[in-house]
Amino acid sequence: MRAGAWGIGRYLPEKIVTNFDLEKTMDTSDEWIRTRTGIEERRFADEDVDTSDMAYGAAVKALDDAGVSAEELDMILVATVTPDQPFPSVACMLQEKLGAKKAAAMDLSAACAGFMYGMITGKQFIENGGYKHVLVVGVEKLTKITNWDDRNTAVLFGDGAGAMVLGPVSGDRGILSFELGADGTGAEHLYQGPDGLVMNGREVFKFAVRQMGESSVNVIEKAGLTKEDVDYLIPHQANIRIMESARQRLELPIEKMSKTVNKYGNTSAASIPISLVEDIENGKVKDDDLLVMVGFGGGLTWGAIALRWGK
Ligand code: UT7
């Protein structure tokens with residue numbers, strides 16, 4: 001028996017902030033941001049909307065899509081580096097908001113690779129028979145930790161949430177293989193300091209280009225498949241140049257890669273599920289498609305999954 005995706009949902013704040021809006025408040029330009037990152041606009045959550053509120057917005061939609069009630073959830077895993085507070089966890093707050101009375105709940109910290117870590121953790125509980133329904137949420141309110149005096153990073157991030165209900169699936173569907181990794185020696189390249197987020201962009205870029213391609217190839221091999229079997233690539237939406245390098249490594253045509261970084265910026269742990277929802281809505285991802293999802297982030301961390309879509 002294999003764990004797979006039963007349903008998915010997302011929450012995006014309504015407020016759109018374009019590169020031109022940022023030009024008015026910091027020394028930057030639409031041209032620089034677009035050509036270096038592919039980002040054109042991002043969403044910012046209102047002050048009174050916190051991480052748990054966005055998580056709730058995405059979770060309700062994922063449960064509805066899966067046809068699972070909150071009471072049926074056995075576990076809630078929330079991947080975030082921007083929780084409402086250190087504790088109680090966002091997962092416990094979400095359990096209360098949803099009324100998921102029997103669900104165990106915990107947060108998971110793996111930065112932008114958080115959704116991959118969450119899915120793989122949930123998969124274990126389902127495949128060992130302990131649990132049937134696990135809700136995994138990737139959510140960030142990065143505007144809480146953005147250093148607005150640092151143009152190197154302030155232009156990159158956005159707020160949002162994505163959620164997936166995992167459960168047992170039939171046939172060849174579900175999570176076929178995965179890879180998770182970490183390299184704590186690279187912690188200094190991306191972290192939260194006293195003034196907010198700090199990043200050595202060039203170092204993270206080099207690591208990301210290497211890791212995204214390598215992990216994607218590894219999960220395809222682990223699943224006993226080849227590059228030709230891949231229907232669609234969903235890379236962490238950090239920078240179009242990094243995403244492109246992974247696509248080229250898999251020799252996929254451009255229309256087979258998910259791209260929402262232009263509209264939502266880098267939403268860290270939320271970026272993969274946010275993108276996937278859009279791909280499903282646009283008919284780009286269909287039942288039985290072989291998806292490769294791959295993420296990287298602060299820690300340093302990384303993770304990839306080969307998933308055959310469908311319940
Ligand atoms: O989810 C994981 C999070 N992290 C990432 O994915 C980030 C990975 N890294 C990157 O995406 C890229 O390194 C960046 C987009 C952050 C930067 O792109 P780059 O091509 O590596 O630029 P750079 O750091 O080499 O900077 C080039 C120039 C610098 O000017 P000088 O020193 O050459 O005169 C910067 O000061 O661009 C300047 N610059 C800006 N100019 C206008 C940096 N930020 C900005 C800005 N607007 N916002």
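Ile234 stands opposite Met293 of strand 12, where helices (H or I, at least four residues) and strands (E, at least two) are DSSP runs numbered from the N terminus. Strand 11 is joined to strand 12 (residues 290-297) by four bridges, and the two run parallel. The model is a predicted one, in which local features need pLDDT of at least 70, side-chain atom pairs count only at pLDDT 80 or more, and totals for chains, interfaces and linings use all residues. Residues are numbered from 1 along each chain as its sequence is written, and side-chain values use heavy atoms, with hydrogens and water left out.

Strands of a sheet pair through backbone hydrogen bonds, in either a parallel or an antiparallel manner. Here two strands are taken to pair if DSSP finds at least two bridges between them. By this criterion, an open sheet of four strands with mixed pairing has the order 8-13-12-11. Strand 8 (174-182) and strand 11 (232-235) each have a single partner strand and stand at the edges, so one side of each lacks a neighbour in the sheet. On average, neighbouring strands of this sheet are turned by 10 degrees against each other, direction ignored. Helix 7 (residues 201-222) packs on the sheet and touches strand 8, strand 11, strand 12 and strand 13 (301-308); contact means heavy atoms within 4.5 Å. The direction of helix 7 makes about 150 degrees with that of strand 12. Axes are lines fitted to C-alpha atoms, for helices over the stretch in contact, and angles run from 0 to 180 degrees between N-to-C directions.

Five bridges connect strand 4 (residues 75-79) and strand 5 in the parallel sense, and Val78 has Asp107 of strand 5 as its bridge partner.

In helix 2 (residues 30-37), Asp30, Ile33 and Thr37 are buried, that is, under 20% relative accessible area (1.4 Å probe, protein chains only). These residues lie on the same side of helix 2 because they cover an arc of only 85 degrees around the axis, the arc being that of the directions from the helix axis to the C-beta atoms.

Methods. Buried means under 20% relative accessible area, exposed over 50%, partly exposed in between (1.4 Å probe, protein chains only).
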